[in-house]
Protein chains: 2
Amino acid sequence: MIIDCHGHYTTAPKELQKYRDAQIAALKDAKHAPQKGAIAISDDQIRESLESAQLKIQRERGTDITIFSPRAAGMGHHIGNETTSRHWSEHCNELIRRVCALYPENFVGVCQLPQTPGVSPKNCIAELERCVKDFGFIGCNLNPDPSGGYWTDPPLTDKYWYPIYEKMVELDVPAMIHVSMSCNPAFHTTGGHYINGDTTAFMQFIVDPQLFKDFPTLKFIVPHGGGAVPYHWGRYRGLAQDMGKPPLKELLLNNVYFDTCVYHRPGIELLLKVVPADNILFASEMVGAVKGVDPETGHNYDDTKRYLDAIDWLKPADREKIFHGNVSKVYPRFGKRAAKKR
Amino acid sequence: MIIDCHGHYTTAPKELQKYRDAQIAALKDAKHAPQKGAIAISDDQIRESLESAQLKIQRERGTDITIFSPRAAGMGHHIGNETTSRHWSEHCNELIRRVCALYPENFVGVCQLPQTPGVSPKNCIAELERCVKDFGFIGCNLNPDPSGGYWTDPPLTDKYWYPIYEKMVELDVPAMIHVSMSCNPAFHTTGGHYINGDTTAFMQFIVDPQLFKDFPTLKFIVPHGGGAVPYHWGRYRGLAQDMGKPPLKELLLNNVYFDTCVYHRPGIELLLKVVPADNILFASEMVGAVKGVDPETGHNYDDTKRYLDAIDWLKPADREKIFHGNVSKVYPRFGKRAAKKR
């Protein structure tokens, strides 16, 4: 079984964006009392949006299940206020729930959190609980920078974030650390802000690893192959060492995992060389940041399974961990779900 | 001849920092009229600061010349105002001039610019001109984020930056894109902000390559191995392609170069595999971000020459370009200086 741990519903029916556009437009009217409202999307529309995209690609590439969450760039936590974020997140998560109900063999849900810059992540607990307990979701996406590129909230190691970590630990769900769209002209969303978010979070963990003493079972997935981290693995090993910290393996590799969203073979090879297989989870982010076909290979850039398949020095046991085995470790509720089905 | 294109005067005599501390302390006194003042550092102090550090390491590692600039983290463009930045930059650059005068065979100067967030880079022209024309410097360090981690200035491709580019082109000097210390708690300076700065700038160039049509001879060095870029080379190729841009080589590799400040062999190998040798310049950043010895190799993490030396598939002609040949192309004044000496 091949599990892709990083997919977003980037192909959602256009009614979703229409709702969002109206929600944002209404923010300009100070007299407007925001309401959650409804979004009319039929099951057929959902099927159609997936059959021609994620499901087709799953079949073509030979992957089985995608751990699926709302479009990351669409989270837009900087827009509006707590209420805006709550209504929008609830709708996005409810749509993921419907996807998972329609295709229980193909998708497992992960939720967006109703974060807002400067607002305690406490206010995300109810939605996380609803998504895990009521919807059967197995994780969440946590935005380390709800401001959208101005980085005005404290580092992820700050006690500011502890309420959501307490709930994650209680529910036994991990978080993928994932920023949303950039509203800072300095940062391109998928080419700058995403990768910076990954790199930034990892370094925060090195600086203040007390977090993992306080929450020994807390688990994070750093997406996009860990941002710049594996490429600069020597730098991070050296920085930790200069700070008098233990080796990275001991410092944080019980809590931090990387996905394989790296869109060329040399990058994937580097990742496999420097990061232990125990800490790597297969992912492609399809349909995501890069949609084209690489003229150098004739295949999609984001067909990351091909890169892994082509690496003949990868041990079968490690390959199994990356494609499948590690998922049950990082997402314990995935394992329980699989056990229940057997 | 082996040229290290990225070294900072991180070991400057303590009088320099004392000056800076006093300068910062004086900012609190609104009645204080800032003056440039003087810093008393003897030639012997300068010699001592280098003999036990950069010069010793040059000899040990077998490198010849370091392209040398003030400490990058120390630039602190976000501190004080234009005048603060001007006085501080002038002192830092004058010290580099003295280093280069004392050791003309070992160091060539690159200047810090007196940038300030929200202030037009026009105000850096005079100092750039002084450093190049009067001091014989061959380049500058350009901070894409003078705010120190809040990214409040426009992207490097914005016309806001054109005045300094016009002067760079006129003087025929490149800029290394280099942020300074982070004052944003989200970003560790050398482990987060530095690498993000590199990644961010490269993506800005993809988004708006008009810059290189307007300034076809403008040259940038993206340090720290290009941040996350070579690791995600497929992502950047794919993003450019999805935007309808030409291949990266054509889009920006006449203007953008990467150094080799990547502190482990797998990272260096990746860099050499994906980036053409014509676009790579040898560098170590010593004495810099990582000072320790890698227990896996028994050598300093930042001894990047060793990684390059160990790669037997690197063609001799490419090795020569990386260690030496490309420098005269990227820093034309280095070439002229060498020609004059012959």
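**Close-up views of a predicted two-chain model**

**View 1. Helices α4 and α5 of chain A.** In this predicted model, helix α4 (residues 82-102) of chain A and helix α5 (residues 125-134) of chain A have axes that come within 11 Å and cross at roughly 10 degrees. Because angles under 35 degrees count as roughly parallel, α4(A) is described as roughly parallel to α5(A). On the α4(A) side the contact is made by S89(A), E90(A), N93(A), E94(A) and R97(A), and on the α5(A) side by E127(A), R130(A), C131(A) and D134(A). Sorted by class, the residues of this contact comprise six charged, two polar and one nonpolar.

**View 2. The interface of chain A and chain B.** Here 58 residues of chain A are in contact with 58 residues of chain B, and the two chains bury about 4,500 Å² between them, with 56% of that area on carbon and sulfur atoms. Of the area that chain A buries against chain B, 18% is supplied by Y231(A), R235(A) and R237(A), more than by any other three residues.

**View 3. Polar and charged pairs across the interface.** Between chain A and chain B, 32 residue pairs are in polar contact (both at pLDDT 80 or more), and six salt bridges are found across the interface. In a salt bridge, the side chain of E285(A) meets that of R235(B), at 3.7 Å from N to O.

**View 4. The side of chain A that touches chain B.** At least two residues of this side come from each of α7 (189-207), α9 (233-242), α11 (265-274) and β10 (293-294) of chain A, and α7(A) gives the most, with eleven residues. By class, this side of chain A has 29 nonpolar, 19 polar and ten charged residues.

Technical notes. Residues are numbered from 1 along each chain as its sequence is written. Chains are lettered from A and ligands numbered from 1 in the order in which they are written. This is a predicted model: local features need pLDDT of at least 70, side-chain atom pairs count only at pLDDT 80 or more; totals for chains, interfaces and linings use all residues. Side-chain values use heavy atoms; hydrogens and water are left out. Contact means heavy atoms within 4.5 Å. Buried area is the accessible area (1.4 Å probe) that two parts lose on being put together, summed over both. A salt bridge is a side-chain nitrogen of Lys or Arg within 4 Å of a carboxyl oxygen of Asp or Glu. A polar contact is a pair of N or O atoms within 3.5 Å; within protein, one must be able to donate a hydrogen and the other to accept it, and residues adjacent in sequence count only if both atoms are side-chain atoms. Helices (H or I, at least four residues) and strands (E, at least two) are DSSP runs, numbered from the N terminus. Ala, Val, Leu, Ile, Met, Phe, Trp, Tyr, Cys and Pro count as nonpolar, Asp, Glu, Lys and Arg as charged, and the others, Gly among them, as polar. Axes are lines fitted to C-alpha atoms, for helices over the stretch in contact, and angles run from 0 to 180 degrees between N-to-C directions. Angles under 35 degrees count as roughly parallel, over 145 as roughly antiparallel, 65 to 115 as roughly perpendicular and the rest as oblique.
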